[in-house]
Amino acid sequence: MPKKSDSTSDRKREHIELCLTDQVAFKNKTTGFEYYDFEHNAITEVDIRKIDFTTQFFKKKISYPFLISCMTGGTPEAGSINAELAVAAQKLNIPIGVGSQRQALENDKYLDTYKIIRKNAPTVPVLGNLGAAELVKLKILDKVSYLVDIINADAMIIHVNSLQELLQPEGEPNFKGLLKKLNMLTKKLKVPVIVKEVGSGISKRAVQKLLDNGVQGIDVAGAGGTSWAGVEILRSTNSKGDEFWDWGLPTAFCIKQIAPLKEYHEFVLIGSGGINSAFDAAKALALGADVAASARIILQTLDKGGVEGVISLVTGWFKTIKKIMFLTGSNNLYEFRHKNNLIHKSELY
Ligand SMILES: Cc1cc2nc3c(=O)[nH]c(=O)nc-3n(C[C@H](O)[C@H](O)[C@H](O)COP(=O)(O)O)c2cc1C
């Protein structure tokens, strides 16, 4: 068990160590994807060889509707992890998020652990990252522009991690003024702002407010995958907060609620939180996400199989998704998302 730490860098290292294990999964709550089954289309007319996954992600074209979620930076271990994840993202031509850049606001010591991502992934979308608790404290938003510039980010993620701040020994559960700050940030930054949870999900009501304040991307990061309450409980020396281990809105529920808003608003919907298989990713897309994303399983795959392991995980998932699209009669991602390809299991039995 890692020791309690007192610096941002130590905390990042402890997060990595714990996330290499499965102790930090939700205990009694799931993503909800298992409640859905694909509707088999006995009269499919799809030519599987013609299925193309090319997707527009903000201003760039990516090869798969999938992104490597924000994980690390700002600790010595992060340098090699980010270097390798970036190589995988570049080879796959998919977006990649950096871990919280809070450390880069403290000093320059670990700047290279962030910069390496852009160095090794020169052309794919790279997403910056900062926590809401930090954002609300900032008096000068130029500091966020600086974080964008460090990695030449294509978009900036603000992560809303209220539960984690609540349970983290050094947490700062004060998000007063968040929407106003986000509104100012969306006007100030030269790149789009994405708001992302870290495992508790985002409701439709919250998304409506975020869109009204200029946010252009939503990453639901719902419940059922990595429990950040779990991570913080395991990090702390006592087990306070155990009743919040499974707190949050399941990923499938969030995507299903939010996707219909795309009819009226232009924004990118990222489906994440417990996407641990090809079927999870396929269901996230079929429920209406523009892209699916994963964090912990990518870290674990990198640890076991290196860059090639990550590449074969993602390409393997999308080979399976092609088969699912063929069997559901979906010629392309648009049809896969819009043809009601999922049946709730309560209708089946
Ligand atoms: C080691 C690790 C570190 C993380 N650090 C960050 C972070 O700095 N910023 C952030 O927005 N999310 C962070 N996350 C959260 C993930 O991006 C993701 O939202 C969450 O883990 C749920 O996805 P999963 O179930 O696929 O792991 C981290 C996740 C892991 C595994």
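**A loop residue and its surroundings**

Modeller: Asn-152 is placed in the loop between helix H6 (142-150) and strand S7; helices (DSSP H or I runs of at least four residues) and strands (E runs of at least two) are numbered from the N terminus. The structure is a predicted model, in which local features require pLDDT of at least 70, side-chain atom pairs count only at pLDDT 80 or more, and totals for chains, interfaces and linings use all residues. Residue numbers start from 1 along each chain as its sequence is written.

The backbone at Asn-152 has a phi near 50 degrees, a positive value in a residue other than glycine. Asn-152 is partly exposed, because 13 other C-beta atoms lie within 10 Å. The classes are buried for 20 or more other C-beta atoms within 10 Å of a residue's own, exposed for 12 or fewer, and partly exposed in between, with C-beta atoms placed from the backbone. Phe-58 also has a positive phi, of about 50 degrees, although it is not a glycine. Phe-58 belongs to the loop between strand S2 (55-57) and strand S3 (60-62). With 16 other C-beta atoms within 10 Å, Phe-58 is partly exposed.

On one side of the Asn-152 loop stands H6, and H6 is among the elements against which the buried residues of helix H4 pack. Those buried residues of H4 (residues 111-120) are Thr-113, Tyr-114, Ile-116, Ile-117, Arg-118 and Asn-120. Their other partners are helix H2 (76-92), strand S5 (96-97), helix H3 (102-106) and strand S6 (126-131). Ile-81 lies in H2 and counts as buried, with 21 C-beta neighbours inside 10 Å. Beyond neighbours within four places in sequence, Ile-81 is in contact (C-beta atoms, placed from the backbone, within 7 Å) with Thr-72 and Leu-302.

His-159, Gly-225, Thr-226, Ala-295 and Arg-296 come nearest to the ligand among the 26 residues around it, a residue being near when its C-beta atom, placed from the backbone, lies within 6 Å. Helix H1 (8-19), S7 (155-159) and helix H13 (296-328) each give two or more residues to this shell. H1 gives the most, with three residues. The shell holds ten nonpolar, 14 polar and two charged residues; Ala, Val, Leu, Ile, Met, Phe, Trp, Tyr, Cys and Pro count as nonpolar, Asp, Glu, Lys and Arg as charged, and the others, Gly among them, as polar. Ile-297 is in H13 and is partly exposed, with 19 other C-beta atoms within 10 Å. The C-alpha atoms of Ile-297 and Thr-226 are 9.4 Å apart, although 71 residues separate the two along the chain.

Not counting residues up to four places away in sequence, Ile-158 touches Leu-130, Ala-132, Leu-135, Leu-182, Val-193 and Val-195. Ile-158 is one of the residues with the most contacts inside the largest nonpolar core, as are Ala-89, Ile-96, Ile-218, Ala-281 and Ala-289, and this core has 105 residues. H13 supplies its largest share, ten residues. Such a core is a set of buried Ala, Val, Leu, Ile, Met, Phe, Trp, Tyr and Cys residues joined through C-beta atoms within 7 Å. In soluble globular proteins, nonpolar side chains tend to be buried together. Ile-218 is also touched by Val-207, together with Ile-202, Ile-258 and Leu-261. Val-207 is found in helix H9 (residues 204-212) and is buried, with 21 other C-beta atoms within 10 Å.

The chain as a whole has 14 helices and twelve strands, and 48% of its 349 residues are buried. Among contacts between residues at least 6 apart in sequence, 78% join residues at least 24 apart.

Confidence should be kept in view. The protein chain averages a pLDDT (the predictor's confidence in each residue, from 0 to 100) of 95, and 98% of the residues score at least 70. Over residues 1-6, however, the pLDDT is below 50, and this stretch has eleven contacts in the model beyond near neighbours in sequence. Where pLDDT is low, the predicted coordinates should not be read in detail.

Definitions and conventions. Two residues are in contact if their C-beta atoms, placed from the backbone, lie within 7 Å.
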